[in-house]
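Hi,

Here is the structure I promised to pass on. Have a look at it first, and then read my notes below.

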Amino acid sequence: MRRKKLWGLLFLTAAAVGMLAGCSTKGGETAGGAKKDGGQKVTIAVWNEPNKDDALNMYAQAEKATGIKVEVTVIPESDYSSKLNQMVSTGDNSADIYVIWENDIANFAKAKGIIPMDDYLKNSSVKTGDFIDAVSTLSAGLGGTYGLPWCAATELLFYNKDMFDAAGISYPDNNWSYEDYKSAAEKLTQKAADGTTKQYGCTLPNTQTWWAGIGGAGDQVYDPSKGQLVIGDGAVSFVSDVAAMAKNGVMPEPSSDTADLFASGKAAMSWQGSWNIGTYGSSLPFQWDIATIPTDKVKYNTLHTGFYSINAKSKNKDAAFKVIEYLMGEEGQAINSKSSGNPSAIKSIAEKGAWKVESATTIKNWDAMTDSLKAGVFGYTCLPSGVTNNAVSEFNAAVLGQKTPEEAVKKADAYARETIGY
Amino acid sequence: MEKQSSKTAKKKKLMNHLTAYAFCAPWMIGFVCFTLFPIAFLFAVSLTNRKLNGVSRFIGLTNYVTMFQSATFWNSIRVTLFFTIVMMIVTTVWAVVMALLLNYRQRLNGLFQFCYFLPSVIPTVALAYTFRTIFGKEAGLLNGIISALTGKNVMINWLYDSRTVYLALFFITLFTYNTGQMMLIFRSGLNDVPRELYEACEIDGASPLKKFVGITLPMISPIILFNAVMGCISALNGSFALLYPLTGENGDPNGMSQVLSLLIYKEAFSNMKVGYACAMSVILFLIACCFGIGIFAISKKIVYYEN
């Protein structure tokens, strides 16, 4: 009996100790994230893995430069925005710095989930007056500086030089028109004896570059004053073109295939984000280069960025700003550019050209990047992803012949009006 | 003396009741916290314009009015009803057929059962991604096999062609956990059908089809009812995990596979309209109730209970 009691007491003690251990914070830390040894820790939420090379890992370098431990929380890109919204909703303080997207910054500021950084910026070295115009426009009207742009990514035409050489067509340049592009795509297409396509002239626009085509065809795409999607004749024209090219086998039709046809050498041209320069680097088994998105009625491409912002619930706001200050400084921005291939949104830093990815040795037309930056606007990225993805789905249905381009554009527009402004 | 014994009996009865309630309490607490409260909260949030970042204001029935005026919502209701009914029929029939085949006394029956059930153990999302690759147009395994067999370059756009998308989707549902589970339940039900009934039929010279229609079906009809209800609920609530990786939140192509659970996800997590998504969830809840009640109503006429 006494032994049973002893065992019971031991069991209860072990359970209590276990529970207490479970409730404790990680070794050496207090609840606020400050370390017992006097050092500080800041957690940053991002959607992409930091570079494995320490020299190109801006967070690792920020840690060295500031003496503040920087912990990176990677949230998958597909769930990134919704997870951050939930964190704001629940007052979560597990991340001190959010890198937030264009369509979230105004909502987060309104929900008081992030703080204005104006007081910090008064005595800081961040060159806020030197941002590219598009960033300044986007931040205007928020009633403060709630976010600092971590880069300015653009959209470009990637092309396979070997395929152009084989077809005897001159390479695209930054003055290429949309007609030049369509004509080259047709010439570059190779068909098998049974009529199926062996080599596509170009790839289908992806969820991002559909908007480059629609904006280029003359539509405003995004109206910042109303926060609304604006599509019409331009969209009908571009969707019709894509449908015709897919029907003729010049570009693939929408399907469940996930392979990158450009990278696998099955398509001669592709409209993609500038971040793919860093991804492709020297890994493609052919010569390739870049040019600006061909100009239809307007020279247009969408700018992409994320904004460093401070969680209103963070207990380490000062330390968080110190880390942001480093990341927005010359060194932090240069490392980001070298790692991702995206230029800085600070003009004087971008001009130094750290974004010319060293491993992408076949690129000669680096001017394409600066030209794209000049023509770039914050467009569809300011809209809820449900609206833009729905529109792309409608466009795809038109390309597959399941509805007319006019019907697709009308339906996409109707859904946007039903959804935005909720 | 009598009074005291009656008091003791009452006390004992009360203790018995309390003991019973105490045993039920853990489940009741779980039910209230994790089922009843979320349902009540869902109804409450459906009357607000709550966004994913927590901003919220009471707006009465506005979400419901907007929803009933939305073409996207009505398309989703049509797809949901179609998908639920067909999926329930396809999976139930397939499970019965597989159970009947496995019920034949032959060698390696256990191995066959293991092989048929194995895909059901794979998580639905992993299964869906695998089939997405199989049903690809340019690099799909299925097109590759058909091309090799026919000697022609076959490029069927299985998941994006309006003529093939349902065929592909319902084929995939045959390999989900729900179908595998149904098959096992049918199999155990078939084992319980008295052998002497079949023997009597054989003496009367009944054909296998007559035996199936006259004996097997009535005897397993309560199990069919159970599986139909489970299949129906699974199609309504569980189809999200299958369809999201295959056809995306927009239910491509052209909204043909946009069941209500996909639309709810899209509104809540892509458009951040949590209040609106909750109003849709209320409708999904009501549809599930209607299906349950409907199936039970029909079953009164067609289900045979031995006792």
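Angles here go from 0 to 180 degrees between N-to-C directions, with axes as lines fitted to C-alpha atoms, for helices over the stretch in contact. Helices (H or I, at least four residues) and strands (E, at least two) are DSSP runs, numbered from the N terminus.

Before you go further, note that this is a predicted model, where local features need pLDDT of at least 70 and side-chain atom pairs count only at pLDDT 80 or more, while totals for chains, interfaces and linings use all residues. Residues are numbered from 1 along each chain as its sequence is written, and chains are lettered from A and ligands numbered from 1 in the order in which they are written.

Back to the sheet in chain A. It is open, with 5 strands in the order β6-β7-β10-β5-β11 and mixed pairing; two strands pair if DSSP finds at least two bridges between them. At the edges, pairing on one side only, are β6 (190-191) and β11 (288-292) of chain A. β6(A) is antiparallel to β7 (residues 197-202) of chain A, over 2 bridges, and A:Gln190 sits opposite A:Gln199 in β7(A). Helix α15 (residues 367-375) of chain A also packs on the sheet, where it touches β5 (155-160) and β11 of chain A, at about 30° to the direction of β11(A).

Now for where the chains meet. In chain A, 36 residues are in contact with 33 residues of chain B, contact being C-beta atoms, placed from the backbone, within 7 Å. On chain A's side, the elements giving two or more residues are α3 (77-90), α4 (102-110), α16 (385-399) and α17 (405-419) of chain A, and α16(A) has the largest share, 8 residues.

As for chain B, you'll find 12 helices and 0 strands. Its radius of gyration, taken over C-alpha atoms, is 25 Å, while a compact globule of 307 residues would have one near 19 Å; that rule is 2.2 Å times the number of residues to the power 0.38. The C-alpha atoms of chain B fill a box of roughly 100 × 70 × 35 Å along the principal axes.

Cheers

How values were computed:
Two residues are in contact if their C-beta atoms, placed from the backbone, lie within 7 Å.
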